Amino acid sequence: MQTFDPSTMRGDISSIRFEPGSTQDKMILNMGPQHPSAHGVLRIMLELDGEYIIRAEPVIGYIHRMHEWIAEQKTYLQFMPNMGRVDYLHAMAWNWAYAGAVERLVGIQVPERAEYIRVVVTELNRISSHLVWWGAYLLDLGAFTPVMYAFDDREQILDILQAVTGSRLTYSYFTIGGVYEDVPADFSKRCTEFVKRLRSRLPMYRDLVTDNMILRGRCEGIGELSVDVARRYGATGPVLRGSGVDSDTRKSEPYGVYNRFEFRIPTYTEGDAMARYRVRLDELETSCDIIEQAVSSLPEGPVSAKVARVFKPPKGEASMAVEGARGKIIVHVRSDGGPKPYRVKLRAPGFSNMSLFAELARGTMLSDAVSILGSLDLVIPEIDR
Amino acid sequence: MNAFLLFIAHPAARIILWLVLMFAFIGFNGLILVWVERKVAAYVQRRPGPLHVGPQGLLQPLADAIKLMGKQLVTPVAGDKMLFWAAPLLAFAPVTVCFLPMPFEGRFNPLPMNLGLVLILAFSGLGVVSLCLAGWGSNNKWSLLGAARAVAQSVAYEVPLLLSVMAVAICAGSLDLYAIVRHQGAWPWQWYAMKNPLAFFIFLVCAVAETNRAPFDLPEAESELTAGFHTEYSGMGFGLFFLAEYANMVIVAGVAAALFLGGFQGPLLPGVWWYLLKIYSILFFIIWLRWTFPRVRFDQLLNISWKWLTPLALLDFALAVVVAGFRSIK
Amino acid sequence: MIPECLAAMGATHVVAMNYAATGVVASVSLTPETILNAVEVLDKEGYLLEDVSASDLKEGFEIAYHFSLFEGKSRLVLRLIVSHDAPTVPSISRVYPGADWHERECFDFFGIDFTGHPNLHYLLLPEDFEGHPLVKAEKARKGLVDVMPQTWLVAVGLANPEVPKPEAPKAEKPEPQNAIVAGVKE
Amino acid sequence: MAPQDPGCLATVSTVDQPLVAVPAVQKLVDICRAMSIWPMTFGIACCAIEMMGVGMARFDMARFGFEVFRPSPRQCDLMIVAGTVNKKLAPVVKRLYEQMPAPRFVMALGNCAISGGPFAIEGQYNVLIGVDTIIPVDIYVPGCPPRPEAVLEGLFAIQEKVTGRRWWPEPEVGQL
């Protein structure tokens, strides 16, 4: 290999900062921003000893899209479409977090039917998000086929949701005070059919993938996370539940009509990648349960409170926490009484989960790092915002 | 006609004819295998796969090959230019030699010798040198990691592979593939796969590992090492690695078919068809594996070899020696 | 409503908030000197760090730390204000390592200097970026009285409970109510 | 579309002498190139999911020869810029483009890659207004994000650009 002197290296400041003088016998490796398991444009700088990771530092910001700055330039309703683009995999949860925060701020009562529709579409979206994660994680582990099956199921959800929202991915279906439009007539029927279909597929996934020896070898005991570390890093969602904490915003701070449904929060105590994997797969069933209950008791009525396009909430601030597919989403909105928010802060669950990576990856092998990275379920635009 | 037979009778001419045939076979087979692999993958994944480029996408590999030939060849500035370009050639060259002792047809033996198996094993072992050179010459960290993995993996799996091969060779009492094939019969219960299933299993696992195919495709693990040892190769440099991979697959499948599945022996059909059928069944199996399993981790891979396969292969070898010994006493 | 542990923090004000309206149970006003102690108290109680955010006000940069327990409606907001000229506050990443990135993000957007932070440099913005994009222009800044709910202002003594009462409904309540409920201008 | 940055003109406009200057052969090579376009696994944001979607079972771009997603830019023909490019990412995109061997194609997928999309607001500080400000773009596929059908059409447009004709029948209006 060529010898080089860091002091003469041009350009990338992050690399130079990461390189502490002489690195004999060690190798500095840049993973990403273009890397198949970077899930977008994450970059991780690694110091390797052979294949063992001595030090890892994620470099983020490659997809920083100024959402918080844009919020201050737009009116409350105009900012809504941005929510579909923060976390495109679980856009509905972000929709809900923002709409909910603004509703709290102005004190709008959301009609019952809208609440139920919100629950159904959010849970459908959660399933689709978990399916993408499942496929992508196995792709990271080198199994090429499951992702095809996952996307096959996901397309069924997208069919339902595009009939409802008119969009496949970056939904902006919620409005302040309800949802944008009523669901089509066959919505309930299609949801029930889909739940049935997914339930029939889950045993196959378990037999073919979850119980696979190689997969277990790659997941079990990898990236073990204790509750205390998770708490200090602010990990939420399946990452936290994989460490055995029964914490879910849908239960702890019930929003919408979640307190009317019976559902189980899956938790596993191992805290490794496999536990996180199982939590997510079990959550598919939880979501199915909720969808079934919500669809069967969908009330009639209006789907949106009457809200002006441009309105001025009272001064003050409000936060709304929502359980997203990746964890606790919080939107803090602060109003100065004008038509535009004074400050909007988006709390992305992936941001906190990602900051765990450096801790978890230390001392593992390169392949384990890929497995850990996948098990955290990262959506980079959500982290960078 | 007579002149042709006379020409055939000359050993050098036979070898040349064989080599020409084999080159055509490797090239053609590479194209077919790429298509088969994609179609099998598509079938496993429940999608059509290549469909519109030629009937059922049959011309797809041809288009890929011509496109690869037409691509710009990039040499890394900081790399070792000579090693960098020697590597793909070195990956491909031993492949042709390995086809020489392959028993395609009982009546036609281009190079009669009693060391065919050793020739194949020796030259297929060369393949790892090319991966090593590719990783080093690219001056790319991913490539280097890939090369390091390739060497460790190759060393680990040569051992059980050789032991399982030797178990069969001892039973057959020869290192000539033709003799080993003749030692078996046309029916499955006369094959070594039935007589010594453990060796067959060990050989198959090692064969997949030696050809760097999933679930043992660590040197080029896509999601970990970008493209591993061939990260820096563009155009035909990559194409040669690609072709060599498929040719290596055919070689291991050919050896497996000859050692364990009775080679060209079979009822009714001419031997060459039986042999090809057996080769392609094994290839299908290898492809099937790839699209089903996740990748193992590096230390697990080595553990499988050193902790399981090697002791098992040793045991199997010892058994084979005892059995062969008793038989010779009788 | 207010957890007992907050008493040990040395806060200047502890205000109970209406969860249904704000999503927060209590607001704790602190100073840069007391924040580390406060965070240690929360750490002992088993609070989870949700985020650290900042906001640009007339009085200075307001830094808000959000914490919650694993269960129940328990969100606390710890807030403190640092001046525009010398925005320094001790880093809490020693207690809560997860705060590392949140603080770097605040540095990105507002240029707040967290003393004792292990590597305070741009996180989301390019390393050669100049400036801090969420810092507002001088005249666009609003004071605390303009952005905080009336109950909080009264509780911390920034507004008089008697005086704003006749004024406030005029200024804030009727106007938005009209705009929202009656505003059916489609 | 000419690149607006003169820096990459030098790499783009060099033309090698053809090895075989027979028109029929060149046409054949062009067809093969068009029928075997390997995209790079480079997803940036939302559009990347639709880019994945088009490779999956329902839309299966492998049918038309876009089978192999290569992770190494050295082995790719097509860079799909699927998402917002910001100032931090811009040098990376440019470098990736320079690492691809010729002939190479670039598709700007989605409004962000075309023009900055919803982030192109007056006074914004971080997003690049279109990826064609740093690298030359062959095909623009609008949408936020574009549907997989649109991505497929974009890929067909590249084939058409290389060979001069459209290879696959037009979908009937309203059929999809």
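This is a predicted model: local features need pLDDT of at least 70, side-chain atom pairs count only at pLDDT 80 or more; totals for chains, interfaces and linings use all residues.
1. Start with chain A on its own. Its secondary structure consists of 16 helices and eight strands. The radius of gyration of chain A is 22 Å, close to the 21 Å that the globule rule gives for 385 residues, so chain A is as compact as a globular protein of that length. Along the principal axes, its C-alpha atoms fill a box of roughly 70 × 50 × 35 Å.

2. Next, look inside chain A. Of its 385 residues, 63% count as buried. Among contacts in chain A with a separation of 6 or more, 70% are between residues 24 or more positions apart.

3. Which pair of chains has the most contacts? Five pairs of chains touch, and chains A and C have the most contacts among them. Here 46 residues of chain A are in contact with 43 residues of chain C. Several elements of chain A give two or more residues to this side, including α1 (13-18), α4 (91-106) and β7 (328-335). β6(A) gives the most, with six residues. By class, this side of chain A divides into 18 nonpolar, 13 polar and 15 charged residues.

4. Now turn to chains B and D. In this pair, 20 residues of chain D are in contact with 29 residues of chain B. The side of chain D that touches chain B holds 10 nonpolar, four polar and six charged residues.

5. Finally, how far apart are the nearest C-alpha atoms of chain B and chain C? They are 24 Å apart, and these two chains do not touch.

Key
Residues are numbered from 1 along each chain as its sequence is written. Chains are lettered from A and ligands numbered from 1 in the order in which they are written. Two residues are in contact if their C-beta atoms, placed from the backbone, lie within 7 Å. Helices (H or I, at least four residues) and strands (E, at least two) are DSSP runs, numbered from the N terminus. The radius of gyration is taken over C-alpha atoms; the globule rule is 2.2 Å times the number of residues to the power 0.38. A residue is buried if 20 or more other C-beta atoms lie within 10 Å of its own, exposed if 12 or fewer, and partly exposed in between; C-beta atoms are placed from the backbone. Ala, Val, Leu, Ile, Met, Phe, Trp, Tyr, Cys and Pro count as nonpolar, Asp, Glu, Lys and Arg as charged, and the others, Gly among them, as polar.
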